[in-house]
Amino acid sequence: MAELAIRGGTPVRPQGYPSWPVHDERDVRAVVRVVESGNWGGFPEPGPNAAEFESRFAEYQGAAHGVLMGNGTITMEVALKALGIGWGDEVIVPALTFAATAYAVIAAGALPVIVDVTRDTWTIDPGQVEAAITSNTRAIIPVHLAHQMADMDAIASIAARHGLAVVEDCAHAPGQRWRDRGAGCIGEFGSFSHQSSKILTAGEGGSLLTGDEQLARRAHSIIDCGRPKDPAEREYTFGANYRLGELHAALLVTQLDRFPQQQAERAENGAYLEELLPTVPGVRVLAHSDRITRWSFYRYLFAIDPDQFGGAANERVVEALEAEGIAAEVQYPPMSRYDLFQPSLSRLPVCVAYADRLDPAKMSFPVAEAAGGSESVYLGENVFRAGREGIEHAVEAIAKVQKNAHELMG
Ligand SMILES: Cc1ncc(COP(=O)(O)O)c(C=O)c1O
């Protein structure tokens with residue numbers, strides 16, 4: 001008889017994990033208040049809930065200013081535009097991230113220059129960043145992937161030496177801290193997503209954080225059809241309507257009330273997982289940096305050695321974990337597998353103009369390709385909200401799939 005649930009065996013955790021997002025009467029009341037106020041949209045920008053969230057989230061993360069908008073893709077586009085980056089400029093991004101990171105660069109009119117990630121954290125490789133700098137380079141977008149953070153010491157030092165801006169893609173990193181500085185508070189801008197799967201969510205939304213008042217004003221202006229944001233500044237910025245409505249902003253306020261407690265719970269359970277997981281054969285735990293001084297565990301990323309999983313790659317292992325009742329997924333392919341850059345598909349002027357440099361067939365990112373192609377497994381955020389037993393079940397299931405991996409084949 002088969003052992004693995006995917007083959008008809010008994011699942012490790014048939015009851016699954018807590019659902020997401022967490023909500024109760026407080027969220028309902030917040031939305032009802034907005035409905036009754038009649039002030040549903042984001043104009044005048046920012047609305048009262050948006051303004052409250054902007055200042056409270058910025059303070060929580062450790063930035064002087066927050067700018068709330070429609071999602072965590074346009075945040076990066078707006079950040080680049082606010083920095084004056086556009087046509088003819090180059091922005092360095094990692095090869096292992098959601099397509100949005102590179103798309104935002106293209107949407108701002110610049111060329112994404114993609115470099116590989118390091119094997120120990122699967123975040124942008126500082127050595128490759130330095131090697132990719134040209135006279136056209138203007139910015140770097142490090143991505144804090146899953147529970148990891150990019151090496152912000154190295155990135156900040158490269159940026160300072162070459163006069164580049166840094167926009168941190170923190171879609172996964174609310175709550176995280178690097179040497180006691182909040183994610184998104186080290187570069188010129190930090191970009192956050194509040195889309196459904198993220199750990200500070202209203203279903204949709206995105207935040208920019210910055211320490212620079214003028215950059216904040218410019219970002220506010222760009223998302224509000226270019227309206228000037230300082231009475232002394234009469235001219236309009238080049239902008240459009242990227243505002244977030246008040247219904248979503250109200251939900252972000254109630255979700256932020258819960259966030260610190262959720263972060264502490266995930267951090268505690270995440271630390272327990274890091275104790276147990278290295279005992280499983282065939283599993284490689286990514287480097288644990290003491291420079292990350294607060295952890296949030298938006299999903300947990302680890303590597304499998306397919307040879308020790310009966311030759312099965314990550315997709316099959318994830319299917320088996322899901323059948324055991326463990327929230328798991330593969331997530332991002334390497335950038336070389338995204339269709340985003342195909343001029344015939346995107347028709348974006350930058351893709352056409354730089355067809356040669358954005359041709360996926362000519363891209364090679366061995367580390368990101370191994371990670372996305374066969375090694376990377378993400379555990380869901382809810383695994384970290386089910387106590388020590390939830391962690392023990394996840395580790396038990398991974399060990400069970402590894403031990404019985406021969407059942408995965410065929
Ligand atoms: C790393 C990363 N960057 C950017 C984004 C884009 O965020 P949004 O979906 O809010 O546009 C995401 C979200 O999926 C992401 O995972």
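Tyr332 is buried, at a relative accessible area of 10% (buried means under 20% relative accessible area with a 1.4 Å probe, protein chains only). Tyr378 is buried too, with a relative accessible area of 2%. The ring centres of Tyr332 and Tyr378 lie 6.2 Å apart and their planes meet at 80°, so the pair is edge-to-face. Rings of Phe, Tyr and Trp (its six-membered ring) pair if their centres lie within 6.5 Å, and planes under 30 degrees apart count as stacked, over 60 as edge-to-face and the rest as tilted. This pair links distant parts of the chain, 46 residues apart: Tyr332 belongs to the loop between β13 (328-329) and α10, and Tyr378 to strand β14 (residues 376-379). Helices (H or I, at least four residues) and strands (E, at least two) are DSSP runs, numbered from the N terminus.

The model is predicted; local features need pLDDT of at least 70, and side-chain atom pairs count only at pLDDT 80 or more, while totals for chains, interfaces and linings use all residues. Residues are numbered from 1 along each chain as its sequence is written, and side-chain values use heavy atoms, leaving out hydrogens and water. The average pLDDT (the predictor's confidence in each residue, from 0 to 100) is 95 for the protein.

In total, the rule for rings gives 10 aromatic pairs. Among them is the stacked pair of Trp295 and Phe297, with 5.6 Å from centre to centre and 20° between the planes. Trp295 is buried at 10% relative accessibility, and Phe297 is buried at 2%. Together with Tyr300 and Phe384, Trp295 and Phe297 form one aromatic cluster.

How values were computed: Buried means under 20% relative accessible area, exposed over 50%, partly exposed in between (1.4 Å probe, protein chains only).
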